[in-house]
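The model comes first; the explanation follows.

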Amino acid sequence: MTATTNPALIPHPTADTSQWSGSRTHRIRGAVLESCDNKRPFAVSRPITVSDLDLAGPGPNEVLVRIEAAGVCHSDLSVVDGNRRRPTPMLLGHESAGRIVEVGEKVTDLSVGQRVVMAFLPRCGECAGCRTEGKLPCVAGTAANNAGTLLGGGSRLSRDGESVFHHLGVSGFATHATVDRRSVTPVDDDVPADVAALLGCAVLTGGGAVLNVARPAPGQTVAVVGLGGVGMAAVLTALSLDAEVVGVDAVESKLDLVRSFGVAQALTPEQATRQGLRADLVVEAAGHPRAFETAVAITAPGGVTVTVGLPGPEACSTVSPLVLTAEARTIVGSYLGSAVPRRDIPIYAQLWREGRLPVERLISARIRLEDINEAMDLLAGGSQLRQVIVFDDDRSATTAIPGLDTGASS
Ligand SMILES: NC(=O)c1ccc[n+]([C@@H]2O[C@H](COP(=O)([O-])OP(=O)(O)OC[C@H]3O[C@@H](n4cnc5c(N)ncnc54)[C@H](O)[C@@H]3O)[C@@H](O)[C@H]2O)c1
Ligand SMILES: [Zn+2]
Ligand SMILES: [Zn+2]
């Protein structure tokens, strides 16, 4: 393998597959975003093309995964609508789970047949970020994600001879993915694929905001502003800790749903501020600057506001420095749930196993890969938690991949 180890050196904007010499090239099917800044309805503008692509097999530190389930997250939508611009064409999807069908020659901690959860930020385990127990993102992983490459450098994806970028080291809206071994965490077979997929983003992020950052003590109140997949995962995690939980969202159907989860109150942002709600710990999971202002406004004196939303880079909020000082408040950001995926995903799997974290409740629809443009419209409309793409099981077995081209490498 000749791939560079410094992702910052990866040429941009053209991903380079020529340096890659993975064992075989596979023919896969995937959902490729052609460009950013697309207009709704996406069902009409159709920014995402589902087509056949070529996927290089795993390099020494990589694994080939047959994808079983993939959740549609707002961070995918943010690339589609240009809120978070990334290089294109890009094969989207970062919240996925599947089974390993091939391992690279240096991979000793993972094996063929194992179910794995993808995390959307690989951790090299060695950089300054990786030495902060999850608080800071991995430096090399962040650079690779920004470049649209795998952690080992370059792309493994191409379409009609043209390189295609990876989304957050995963590109899970596809029948198969080649990913770095540091992007995956194994889970036991009793965790269903759709639940496993959600552990990789919604639960890792929303759950981590609660478990790793807010850390509610008995009797404390946790409010969550923004009740999509991430916010609802924060709600479920806080409920699993027996915290008193308040759900806040601008969409009525989300309030009805969060009531059914067993929260103490469900309020619109206006209701929450008008009634003077003040919660000890507040998680902002909307990704909108007004939602962040709501989250700060409803945080109690001495309390902590945890922000996980990812609005566009130009978005700004207004907060009162005086209130922060006078009320001894803390505002803290959390990326990837401040998680170390291999440390944290087994914790969520165990909570799910014990019936304390009903992750299935985050699944609002099961859809086909071909429905992806329509799914983006529904997500943008605010009606969904997680729409999960499920793949046909007759597509492949765990040890062989019928129908895949196993011929010359790219
Ligand atoms: N920090 C991370 O590592 C990380 C990981 C995943 C997602 N995210 C981000 O978290 C955010 C949530 O992701 P998601 O997939 O759950 O999104 P989503 O679209 O499913 O949910 C967002 C929710 O926020 C609500 N909302 C919007 N504006 C609001 C406002 N002003 N006040 C109250 N509620 C409001 C919407 O009605 C919706 O229910 C996004 O910005 C996403 O990019 C961050
Ligand atoms: Zn996500
Ligand atoms: Zn690192």
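Start with the barrel. Five strands close into it in the order S1-S2-S7-S8-S4, with mixed pairing. Strands here are DSSP runs of E with at least two residues, helices are runs of H or I with at least four, and both are numbered from the N terminus. Two strands pair if DSSP finds at least two bridges between them. Strand S1 (residues 25–33) and strand S4 (residues 90–91) run antiparallel and are joined by two bridges. Val32 has Leu91 in S4 as its bridge partner.

A word on the model itself. It is predicted: local features need pLDDT of at least 70 and side-chain atom pairs count only at pLDDT 80 or more, while totals for chains, interfaces and linings use all residues. Residues are numbered from 1 along each chain as its sequence is written, and chains are lettered from A and ligands numbered from 1 in the order in which they are written.

Now the domains. The protein chain is assigned domain 1 (9–187 + 368–407) and domain 2 (202–338); such bounds come from an automatic or database domain assignment. Their centres, taken over C-alpha atoms, are 29 Å apart. Across the boundary, 17 residues of domain 1 are in contact with 14 residues of domain 2, contact meaning C-beta atoms, placed from the backbone, within 7 Å. On the domain 1 side, H2 gives the most, with three residues. That side has five nonpolar, eight polar and four charged residues. In this scheme Ala, Val, Leu, Ile, Met, Phe, Trp, Tyr, Cys and Pro are nonpolar, Asp, Glu, Lys and Arg are charged, and the others, Gly among them, are polar.

Both domains also meet the ligand. The shell around ligand 1 draws at least three residues from each of domain 1 and domain 2. In total, 34 residues surround ligand 1, and the closest are His74, Gly226, Gly228, Val230 and Gly287. A residue counts as near if its C-beta atom, placed from the backbone, lies within 6 Å. Helix H2 (74–80), helix H4 (193–214), H5 and helix H8 (289–297) each give two or more residues to this shell. By class, the shell has 17 nonpolar, 14 polar and three charged residues.

Finish with helix H5 (residues 229–240). Of its 12 residues, 11 are buried, so H5 is largely enclosed by the rest of the structure. Buried means 20 or more other C-beta atoms, placed from the backbone, within 10 Å of a residue's own. Val230, Met232 and Leu236 are among the buried residues. After H5 comes Asp242, with a positive phi near 65°.

Technical notes: Contact = placed C-beta atoms within 7 Å.
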